[in-house]
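Subject: Structure handover, aromatic contacts

Hi,

Here is the structure we talked about. My notes on the aromatic rings follow below it.

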Amino acid sequence: MLESAVRPSPGLAARCTRAVLSPWARLGLLVVVLAAAGSAVLVLQPQRLLADGWPPQVGGAGAVVLFSVAYGLCTAAFVPRPILNLAAGALFATWAGFASSLVGTVLGAGISFGLGRVLGQDALRPLLRGRWLKAADGQLSRHGFRSMMAIRLFPGVPFAGANYCAAVSRMGWAPFLLATGLGSVPNTLAYVVAGRSASSPTSPAFLIAMGFIVLSGAAAAAVAWRKRHGLRQR
């Protein structure tokens, strides 16, 4: 009885640990990480690969692997994927550029999803109160694979933004990564082919790739308009 009556309160270390691991502290860390990544992108300017090319001291399979890792880090920091896909086509052969871009896509999606899930989900889920936010969360949570496939197949949805939104939902890792890999194949290949054949803008490969990009963009806009119109009618 006496021991329970004089049991000490949690110490300073325990209180500091709870504060550091609280949802809002982790969300603040996520904001800092993303701000630092965005600043690094502004300083390093990875888009210069399109003009300057790959460093001559790095070549072969090592260059493909290094590009995949850099691609993943850049997409997690909100660098647009089309720029990186075009750079992959300009720097490597078509299939090597496609493979490095697709691996980088899945890697970047996994990085973004992991950061959002670990650092942001607990703080942001209670804020999903609006009608549109609840609808998006329900769609991603219940039909994760199908929804993510649609997002990846049609251009126009920011890649990193979709990753962090999916992380806040209850979508699982496996359907997220599988849908990302499969759904990103068509547009990734089209942009890589366009980057590879950009020096010959009248070649059939370039025209077919650009035609596919334009048509897929128009289809995405039509689907988005139809969905929005349907929601308004309801």
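First, a term: buried means under 20% relative accessible area, exposed means over 50%, and partly exposed is in between (1.4 Å probe, protein chains only). The model is predicted, so local features need pLDDT of at least 70 and side-chain atom pairs count only at pLDDT 80 or more, while totals for chains, interfaces and linings use all residues. Residues are numbered from 1 along each chain as its sequence is written, and side-chain values use heavy atoms, with hydrogens and water left out.

Rings of Phe, Tyr and Trp (its six-membered ring) pair if their centres lie within 6.5 Å; planes under 30 degrees apart are stacked, over 60 edge-to-face, the rest tilted. That rule gives 6 aromatic pairs.

One of them is Trp95 with Phe98: centres 5.9 Å apart, planes at 85 degrees, so edge-to-face. The two sit 3 residues apart in helix α7 (residues 94-124), about one helical turn. Helices here are DSSP runs (H or I, at least four residues), numbered from the N terminus. Trp95 is exposed, at 60% relative accessible area. Phe98 is buried, at 12%.

Next, Phe113 and Phe176. Their ring centres are 4.3 Å apart and their planes at 20 degrees, so this pair is stacked. Phe113 is in helix α7 and Phe176 in helix α11 (residues 173-183), so the pair ties together parts 63 residues apart in sequence. Both Phe113 and Phe176 are buried.

Also, Phe67, Tyr71 and Phe92 make up one aromatic cluster.

Best regards
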